[in-house]
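Q: I'd like to learn how to read a few features of a model like this one. Can you show me?

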Amino acid sequence: MHDLSTIEVTDAAPAVATSPRGASRKGIGISAMARFLTLPGQIVSVLVLVVPLLVALYMSFTDWSPTRGSLFDAQFVGFENYSELLIWDTRFVYAVIRTVLISVVCLSLEFVFGLGLAVLFLREFRGKSILFSAFLTPMMILPVVVGYTFWMLFQANGPINQIIELLVGPQGAPEWFRSAPFAVTAVVVTEVWHWTPLFFLILLSGLNSVPENPVRAAVILGASPRQVFWCVILPMLKPVIIVAFVIRSMEIIKLFDEVFMLTRGGPGSATETISLYIYKLAFSDFQLAYGAAAAFIVLLGSLLLIHLLLTPVRDQLLETNR
Amino acid sequence: MHAKKLSLPLALLMAAALVIVLFPVFWIVMTAIKPPTDWNASPAIWMPPHPTFINFLTLFDPDAIRAYGVGGVSQSATKAVFGSILASVIATALSVAIGLISAIGISRYGNGSRATPLIILSGRMFPPAAIAVPFVIIFSNVGLTDSYAGLIAIYAAVTLPFSTWMLKSFVDDLPREIEEAAMIDGRSRLMAHLTVTIPLIRGGLFATTMFIFILNWSEFMFALVLSYSNISTIPVQLAKYVTATAGTLYGVQAALAVLAIVPLVIVGYLIQSHLARGMTFGAIKQ
């Protein structure tokens, strides 16, 4: 509604706006136009992204904490925070390893389930569009609520344990948040439930846009359905698969909301992800400078990882994203 | 197109997947309508025999629950609901408005489109806990901590890459010739964009707005570290309930969670065909 009304208002303007310029209907030049249009976005990005990043970068080379007064009075300590983190801080190193392991397990499961569902949705059947919407539901729910919901489901007397007791008897039902392996399992289950729909969605749109001719040719040449899938369809799906993995790795590296609601990193630090550790460093221990250094290590690591992931499909992505 | 039935094993597989997908949603809705005696019954009650709306009432009138002999709800969620609506709506409008201008700029005049994706990606990858740290410092110096203005500024900026790239993909889909025709008719570039480009991508504009709203409405960490007493949002309030009562206010928390989900699910279904595009910065078009 809002945008429509602004358009009507401006619609009356052209006669006035163009007449003084007369024949030069290009009006403002192309380069001025480019600058004019991209300026607001750039100003916002610089103010709200680049400036804080630079502040954080500077901070990571100091020993600053809020109790020591202004940031400008902080002692410059060079790479001390970084070496401390990488060499001595086992809690940080474990948080990194843990986050990577959880990510690998989650993304693999999400990929397998998402691909399976997407393949099921390639055929026509009754109620397909309703089922399609239903399967997208989890990714529409906010992470905090997902975390809270699964916290309830995994209670010792919750429905998941009820089902387990029904299947294998009362001794099989664990206290999910009291033991490390079970707590990690709960986090993985939650995350996989939440984000499998995204893989499903991306892979399905990829599968739907696979060109028919190579598939037909393979079928005519006598390939079995399995061969067609593995040797013809899957290779063509590769760019889409990589996009899905890149997008999801970017998000899961920052895994915070769900774990915060589920376990707060516990028991002990069994489910403490990088984000949770940095959050605790900065906002419970007030080691802000140290936390900033940790964040930059993570940023460099993920940039490297994403660069490696993107290399094989860079040209294709630039093609679509121009 | 002929709709067929699935073969039995496939249908069973589909049914099982459907149950797994919908069960958590079923559970949170059921918990939200349980009276306090059923909240944490052992064994758990799947469908409350006496459903009630008392949990929803308690969100806005903390004393309502006392009729059931339950104390401990010290805060009403009114401020959080108000805060979530205010922050999400204004931040979404800002983000989409700036994003639309940038999208046209990048798509039609190709300014910095090679380097920008990488900068945006690195912004998205930086752990929010750490980017929140400089914000807390900067904001406390300019008096924006614990204010909606500060929260809105962050939300708008953080979602700007999404709105820009999603809108850019819609502008890219539009042939340049349409705008050029308008310019030949005597309109300036700016007018051609205002009167031709923007009306033609209004479907995409709507989808983008809804998508950005989902992102803003779901945001948790910035709100968590930048709110003390003046402001609140639904996710923060949910976390506060859980912390304050060790999670024992099951029904009231579930009611707040349901309240948080409803707008998202409605909006999400409305724009489901554009979700992939939004999530992948326009790389996947459906």
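A: Let's start with helices: they are DSSP runs of H or I with at least four residues, while strands are runs of E with at least two, all numbered from the N terminus. The expected span of a helix is 1.5 Å times one less than its number of residues. Keep in mind that this is a predicted model, where local features need pLDDT of at least 70, side-chain atom pairs count only at pLDDT 80 or more, and totals for chains, interfaces and linings use all residues. Residues are numbered from 1 along each chain as its sequence is written, with chains lettered from A and ligands numbered from 1 in the order in which they are written.

Q: How many residues does helix α4 of chain B have, and how far does it reach?

A: Helix α4 (residues 78-109) of chain B has 32 residues and spans 46 Å from first C-alpha to last, close to the expected 46 Å.

Q: Why does B:M210 count as buried?

A: Buried means 20 or more other C-beta atoms within 10 Å of a residue's own (12 or fewer is exposed, in between is partly exposed; C-beta atoms are placed from the backbone). B:M210 has 21 such neighbours, so it is buried. B:M210 sits in helix α10 (residues 202-218) of chain B.

Q: Which residues is B:M210 in contact with, leaving aside neighbours within four places in sequence?

A: Contact means C-beta atoms, placed from the backbone, within 7 Å. B:M210 touches B:V267, B:L270 and B:I271.

Q: How many residues of the two chains are in contact?

A: On chain B there are 95, meeting 90 of chain A.
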